[in-house]
Amino acid sequence: MMKKQLLIIILAGILFAGSFAFQPVHASKIVESDREVNQLDEAGSLAKYHDNNINGKNIKIAILDTGIDTTNRDLTFKKAINFTSADSADFTDRNGHGTKIAGIIGARKNGEGLIGIAPNSELYIAKVANDSGKVAFAEVIKGLNWAVQQKVDIINISLEFGKGNEALKEAIDNAVEHDIIVVASAGNIRAEGDTFKAYPGAYPDVISVGMLNVHGQIYADEFKEKKVDVYAPGEDLTSTYFDNKMTLDTGVSYATAYASGYAALVMEDKLSRDESISRESLLKTMKADLNQGINGTPWYVYTALVLNIVTVCALLGLVIYALMYHRKTLQKKWPTKTIWIVIASLVFINVIGRVMVYILSS
């Protein structure tokens, strides 16, 4: 009889050890590997693409910002131009904002520094904001028209105006007519209750980006009152900076860069499947991947938690019963058949439940 009891307890222990198998897929946040840092990935969707070698290859992304640090070892670009002065070749970033945006989108996988969202994408740099960060409609319009000429796939505008402009709208429309995805900021929250419209993000054909915190939830309630098409991580993002350094930054500008890089991954994936690409199809995938935490924890996560609790309680109950029986506190016969049924039921429920959780969370 003792051999049967021991066998049952061993099997229950194995069940307990496997109680944490097939857990929901929770992504790492910021992970350092050797000398490189992976970007924040709360939803786990970024790793899904990178693990399948989808890194934005052959996707052209134009960045309209303060230029780029040309000496940064983590950053490369195909073409660059300056619209803030007469010297079109002076696209060097002396502000830092453009360098951060470029790093979040496309920092190369080269053994050091940061790995961007789309590290194999092709960056086209248009300096439309001066060294103080000041930007005007005319320069952004020039940057948009230049990006169209370069036949880019995505235009990132991590800049904002408090009002619209007819010529800006025409330039946006022109880019959209050339099948270019325009991604722009929904605008930072400067104070409580600040729900102003930010342009060009507020234009209907632009993908306007709001910000998520490090837990994958909407950073501020004010974003719910803005024109937001998709939310992306924007709190404590790792970004490239001067002197080959990295910084942690928070802001809708960085969430916009994250969304642009992510759009490149979705675009590459769809192209590899010969699927059509449109603003709507990209948005559908981006929302499903990036906005998982907005409505709270998915129900299947709680299913896994319940399975863990039930399994642990059953094992503890079995151990306590076995000890009491061994010490002859209980005079009744060891209910071997009943316990086998309980264990078999637990195994069945765990296997079915955890496979389901794993599939849903993947």
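I looked up Arg 94 first: at 43% relative accessibility it counts as partly exposed (buried is under 20% relative accessible area, exposed over 50%, partly exposed in between; 1.4 Å probe, protein chains only). I worked on a predicted model, where local features need pLDDT of at least 70, side-chain atom pairs count only at pLDDT 80 or more, and totals for chains, interfaces and linings use all residues. Residues are numbered from 1 along each chain as its sequence is written, and side-chain values use heavy atoms, with hydrogens and water left out.

Salt bridges. I took a side-chain nitrogen of Lys or Arg within 4 Å of a carboxyl oxygen of Asp or Glu as a salt bridge, and the structure holds 13. Arg 94 bridges to Asp 90, with the closest N and O atoms 2.8 Å apart; Asp 90 is partly exposed at 22%. I found Lys 127 paired with Asp 131 at 2.9 Å between the closest N and O atoms. Lys 127 is buried, at 1%, and Asp 131 is partly exposed, at 34%. A network of salt bridges links Asp 90, Arg 94, Lys 127 and Asp 131.

Aromatic pairs. I counted rings of Phe, Tyr and Trp (its six-membered ring) as paired if their centres lie within 6.5 Å, with planes under 30 degrees apart stacked, over 60 edge-to-face and the rest tilted. The count comes to seven aromatic pairs. Phe 77 and Phe 91 have ring centres 5.5 Å apart and planes at 80°, so I noted the pair as edge-to-face. Phe 77 is partly exposed at 29% relative accessibility, while Phe 91 is buried at 14%. Phe 223 and Tyr 231 are also edge-to-face, at 6.5 Å centre to centre and 85° between the planes; both are buried.
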